Amino acid sequence: MQIQLTVNKKLHTLELKGNETLLEVLRDQLGLTGTKTSCQESECGACTVIIKGKSILSCITLAANLDGQEIRTIEGLAEGDNLHPVQKAFIEHGSSQCGFCIPGMIMSSTALLEKNHNPTQSEIEYALDGNICRCAGYPKIIEAVRQAGHEMDQGA
Amino acid sequence: MLLNHLTLHTPKTTLEAARLFKELEDIKVLAGGTFLLNSLKLLKTKGTKTSKNILSLAKVDDLKGVSVDSNNLTIKAMTTITELFESPFLVDNFEILRKVCRNISTTPIRNMATFGGNLTCRYTWTEMPSLMIALDATLFFMTPEGKTTSISAEDFFKNNARSEYLFTHAVIAQDAQARLVYRRVRKMSDVDQPLLSLCVKTSLNNNLWTKTRVVINSGIAFAQRDYKVEEFLNDKISSSDLGLKAMDNLTNAIYDTRSSEYKQHMFRISIQRAIEEICKSN
């Protein structure tokens, strides 16, 4: 079947069998490997992307089911050389250790901050409850989210 | 490939979906996909055959939304848990539903999982069944001819959550006198699977318990009412020791079946505390 997906503002026409997950299409067909393959059973959040402003797990999403939709991945956050405020804040706070969970963390944080620039500690924890960091680097991640929100608020 | 070959069907209307649901053989319904996709992947890794036809409801717009009409709350099947939680119609009158939605799994799962999927997926441990039984919800289904049939949530789960027709929506009558408490004990597990959950509802009339429902979800069997303790509670006046007294009136068979001592203990504590919470709230 043929479907159209807009990924990071770029329209793609794809020929699919129907059984491909969005994760497989992003990585294997579109070469967008920033979205990570990890647990592949909706537990870790490493494969998080944004659809309609909400964090979605691409490992349990059928790509063919998204015909006509817009998808944002980690590659779509920066504008040219200008990193997204969430990306900048993660770098400035040293929020990345092994880094594997970070794309998913950033996508979930972005989905939160685009709705709420000044989340409380519990709102941040709640929004990131589907993202697991095996290095347990949560404090730095939460600090970065708070700072990014502050910057997005000032830039708004 | 994580999944076996499948044929994806994407109807755009409820009637089209209801027809396909009846006509296609070897079929699974895809709502939010949070149960189904993992299940299909797991079966593939085990070398087990998986369903050939997948009926996606994602494009059926008339299966989405929450509304209030006179005194009834209507929740359509494809409403996500996040959408349900964020619905203004739940504020004040159905706070219990918001509380339950808020505690389901994780944010991305809540963004994907649907009310209908949670209710009719046939996993015994999901959140909505006990709540819908306690709220005396009516569940509606569409036949392939476009006719609507309905059944009470309680009877639906007595029938092992099976239906030959497509689930479309649930309707809950508003009850200003109703007091509800939902409790859940989480199992330490890779997935957010409650060890047990329960919902206690009563309509307080001058401190008198009436129309009480105590709905138990053991995680092993489908959610069910404990009629014995309900009978004990009805016509009782709220008091600080009502929860404790109720403990001698439980239908033990519901709690003892394949349950560990810890689980039985947690059921007793949870029911007692739920009753006490309602008594205190008055």
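Two strands count as paired if DSSP finds at least two bridges between them. Helices (H or I, at least four residues) and strands (E, at least two) are DSSP runs numbered from the N terminus. The model is predicted: local features need pLDDT of at least 70, side-chain atom pairs count only at pLDDT 80 or more, and totals for chains, interfaces and linings use all residues. Residues are numbered from 1 along each chain as its sequence is written, and chains are lettered from A and ligands numbered from 1 in the order in which they are written.

**Stop 1: a hairpin in chain A.** Select E3(A), residues 48–51, and E4(A), residues 54–57; the two run antiparallel and share four bridges. Two residues lie between these strands, and Lys52(A) in this hairpin has a positive phi near 50°. Ile50(A) faces Ser55(A) in E4(A).

**Stop 2: the whole sheet.** Now show five strands of chain A, which form an open sheet in the order E2-E1-E5-E3-E4 with mixed pairing. E2(A), residues 10–15, and E4(A) are the edge strands, each pairing on one side only. From one strand to the next the twist averages 40°, with axes fitted to C-alpha atoms (for helices over the stretch in contact) and angles taken from 0 to 180 degrees between N-to-C directions. H3(A) packs on this sheet, touching E3(A) and E4(A), and its direction makes about 30° with that of E3(A). Contact here requires C-beta atoms, placed from the backbone, within 7 Å.

**Stop 3: the nonpolar core.** Such a core joins buried Ala, Val, Leu, Ile, Met, Phe, Trp, Tyr and Cys residues through C-beta atoms within 7 Å; buried means 20 or more other C-beta atoms within 10 Å of a residue's own. The largest core has 122 residues, and Leu57(B), Leu131(B), Met132(B) and Val200(B) have the most contacts inside it. H3(A), residues 102–113, gives the most to this core, seven residues. Select Leu57(B): not counting residues up to four places away in sequence, it touches Ala17(B), Val29(B), Leu30(B), Ala31(B), Leu63(B) and Met78(B).

**Stop 4: the contact between the chains.** Select the 25 residues from chain B and 25 residues from chain A that make the contact. On the chain B side, E1 (7–9), H2 (36–45) and H5 (107–112) give two or more residues. H5(B) provides the largest share, five residues.

Notes: Two residues are in contact if their C-beta atoms, placed from the backbone, lie within 7 Å. A residue is buried if 20 or more other C-beta atoms lie within 10 Å of its own, exposed if 12 or fewer, and partly exposed in between; C-beta atoms are placed from the backbone.
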